Structure formats: structure tokens, C-alpha cells
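Trainee: I would like to go through this model with you, one question at a time.
Mentor: Go ahead, and keep to what can be computed from the atoms.

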Amino acid sequence: SKLFFINKNIEVGPVKDKAFQDAVKIIEKLWAIIDTELTTNKYVTGDSLAMVDIMLSVYANWNNFFPFEIKIGNNVKRMI
């Protein structure tokens with residue numbers, strides 16, 4: 001949601017670019033936490049698919065709406 005807010009509410013320019021960069025760093029840290037959790041679990045909550053896994057699949061596809069890549073780990077890619 002941070003990226004959509006930035007995209008809609010900040011004018012194109014260096015301030016918007018910086019806001020995107022800062023948001024991407026935070027988002028990548030959050031993805032890293034999930035990736036670590038998926039080291040020992042098939043899904044976020046264990047061996048069974050849950051709503052959180054489905055929502056994370058949706059969030060991962062939000063990458064397509066922005067002109068930069070948000071890095072997600074191999075465990076997240078596997079889960080998706």
C-alpha cells in the first residue's frame with residue numbers, strides 16, 4: 001500500500017524516487033522475514049495453505065505495477 005500511496009500522491013521527481021527507494025528497502029526486509037519463515041515451512045503457517053499465503057501471492061504480483069523490482073527470496077518464489 002505504501003507504493004500505491006507514493007505513486008498516487010507524490011509528484012514525479014527526486015522526492016518520489018527517494019520515497020520509492022525507501023519503501024522498497026522496507027518491503028524487501030519484510031519479504032526476507034517471510035522467506036526465512038519458509039525455510040522450514042511449506043507455507044507461512046506450516047504445511048497447509050492459508051489465506052496469508054494467497055494474499056502474499058497477490059502482493060508479490062504488485063511488482064508489475066511499478067517501474068522497479070522488489071526482490072523476494074527463493075523460498076517465497078517456491079511458495080508462490
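Trainee: With which residue does K18 form a salt bridge?
Mentor: Side chains of opposite charge can pair when their charged atoms come close. A salt bridge here requires a side-chain nitrogen of Lys or Arg within 4 Å of a carboxyl oxygen of Asp or Glu. The closest N and O atoms of this pair are 2.8 Å apart, and the partner of K18 is D22.

Trainee: What should I know about the model and its numbering?
Mentor: This is a predicted model, in which local features need pLDDT of at least 70 and side-chain atom pairs count only at pLDDT 80 or more, while totals for chains, interfaces and linings use all residues. Residues are numbered from 1 along each chain as its sequence is written, and side-chain values use heavy atoms, with hydrogens and water left out.

Trainee: In which helix do K18 and D22 both lie?
Mentor: Helices are DSSP runs of H or I with at least four residues, strands are runs of E with at least two, and both are numbered from the N terminus. K18 and D22 are four residues apart, about one turn of the helix, and that helix is α2.

Trainee: Is K18 buried, partly exposed or exposed?
Mentor: Buried means under 20% relative accessible area and exposed over 50%, with partly exposed in between (1.4 Å probe, protein chains only). D22 has 30% and is partly exposed. K18 has a relative accessibility of 44%, so K18 counts as partly exposed.

Trainee: How many salt bridges does the rule give?
Mentor: The cut-off is the 4 Å stated above. K18 and D22 meet it at 2.8 Å. The count is one.

Trainee: How many helices does the protein chain have?
Mentor: From the N terminus on, the elements run α-α-α-α. With zero strands, the number of helices is four.
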